[in-house]
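Please read them alongside the sequence and the structure.

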Amino acid sequence: MIRRQPVSATADHAEERTNPAARLGFQPGQVVQEIGYDDDVDQELRQAIEEAVEGDLMDEEYDDVADAVVLWFRDDDGDLTDALVDATTYIEEGGAILLLTPKTGRSGYVEPSDISEAATTAGLTAAKSVSVGKDWSGSRLATPKAAKSKR
């Protein structure tokens, strides 16, 4: 009996399955700003994003426009809607925000209904939700122009 293993046509497709940053749509050359960094963030995910964009993540002091924003947010970080509105000021029109929140049962957990409500109020569309690590979940939020271009 011959067992066949599924293979991808290119290494890129294989990387998309194994690298969470590639699955989330990060691409080489993108400028990605990171907001809400603290000691509890997922360092492996940060490294994967840096590898995918082939550069460093920009910190909160970055004062130019970014292609995407990575927003680490915990329940006690304040108002999520305000944080999302602030994050949209950092990205190019049509850019995306990757909202990262602690998973269920972890300190700082944010209810999915709170994420949905805050995203809608901030004028964002939830494009994709994924598990991005042992302790973090990600919600890919698109600005209106980005949401329209996907149709």
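1. At the start of α3, D42 places a side-chain oxygen within 3.0 Å of the backbone nitrogen of E44. The model under discussion is predicted, and this contact should be read accordingly.

2. Helix α3 spans residues 43-53, and its buried residues are L45, R46, A48, I49, A52 and V53. These residues lie on the same side of α3 because they cover an arc of only 160 degrees around the axis. In general, an α-helix has 3.6 residues a turn, so residues three or four places apart point the same way.

3. The face of α3 turned away from the buried side carries E44 and E51, both exposed.

4. Just after the helix, E54 has a positive phi of about 60 degrees.

5. In helix α5 (residues 112-121), the buried residues are I115, A118 and A119. Their arc around the axis is only 100 degrees, which puts them on the same side of α5. E117, T120 and T121 are exposed on the other side.

6. Against which elements do the buried residues of α5 pack? They pack against α4 (80-88), β3 (91-102) and β5 (136-142).

7. G123 follows α5 and has a positive phi, near 80 degrees.

How values were computed:
Residues numbered from 1 in each chain as written. Predicted model: local features only at pLDDT ≥ 70, side-chain atom pairs only at ≥ 80, totals over all residues. Heavy atoms only, no water. Buried < 20%, exposed > 50% of the residue type's maximum accessible area, 1.4 Å probe, protein only. Helix = DSSP H or I, 4+ residues; strand = E, 2+ residues; numbered from the N terminus. Arc of directions from axis to C-beta. Contact = heavy atoms within 4.5 Å. Polar contact = N/O pair within 3.5 Å; in protein donor to acceptor, adjacent residues only side chain to side chain.
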